[in-house]
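Visitor: Please take a close look at the aromatic pairs and at one helix that takes part in them.

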Amino acid sequence: MKEIEIYTDGACSFNPGPGGWGAILIYNGVEKKISGGEQNTTNNRMELLAVINALLCLKEKCSVKIYSDSAYVVNAYLQKWVDNWKANGWKKQNKQVKNVELWQQLDNLVQSHQVEFIKVKGHSDNAYNNECDKMARAEVDKILGGQNE
């Protein structure tokens, strides 16, 4: 089974507002960078979309380590939030989980691979996380027409 490392980050101005995400996939020392953005979104949605779009790049079952500075994404798996949400019909305290369609998509992708989530400290010395942050912010800048510099 191929071993893949994925680094992700999301960014949003005004939250909600223009947002972007970035991801770097690494396999055998080869890097693939992907990014995107949305006009009206939230930071949490961008964090989720970074991971989703990275996993969508994989064409076969892989062993994946996902590095993210998003406690929202990482803790959902490390602290078994997703398992509880699924057991409760994607509800938390009798209300539908926010971003449920993205969580369901992510969970389907996670089930297709062997995935380990690893929390990294944001805006620190992790070069890949910093690069993903730059990519995400560049997507926001594209939407804002360069006004966010």
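Guide: Seven aromatic pairs turn up in a search of the whole structure, where rings of Phe, Tyr and Trp (its six-membered ring) pair if their centres lie within 6.5 Å, and planes under 30 degrees apart count as stacked, over 60 as edge-to-face and the rest as tilted. The rings of Tyr77 and Trp103 have centres 6.5 Å apart and planes at 50°, so this pair is tilted. Tyr77 belongs to helix H2 (residues 71-78) and Trp103 to helix H4 (residues 100-111), so the pair ties together parts 26 residues apart in sequence. Helices (H or I, at least four residues) and strands (E, at least two) are DSSP runs, numbered from the N terminus. This is a predicted model, in which local features need pLDDT of at least 70 and side-chain atom pairs count only at pLDDT 80 or more, while totals for chains, interfaces and linings use all residues. Residues are numbered from 1 along each chain as its sequence is written, and side-chain values use heavy atoms, with hydrogens and water left out.

Tyr77 counts as buried at 15% relative accessibility, and Trp103 counts as buried at 0%; buried means under 20% relative accessible area, exposed over 50%, partly exposed in between (1.4 Å probe, protein chains only). Both residues belong to one aromatic cluster, formed by Tyr72, Tyr77, Trp81, Trp85, Trp103 and Phe117.

In H4, Trp103 is listed as buried along with Val100, Leu102, Leu106, Asp107, Leu109 and Val110. The cover over these buried residues includes H1, H2, helix H3 (81-87), strand S6 (95-96) and strand S7 (114-119), with contact meaning heavy atoms within 4.5 Å.
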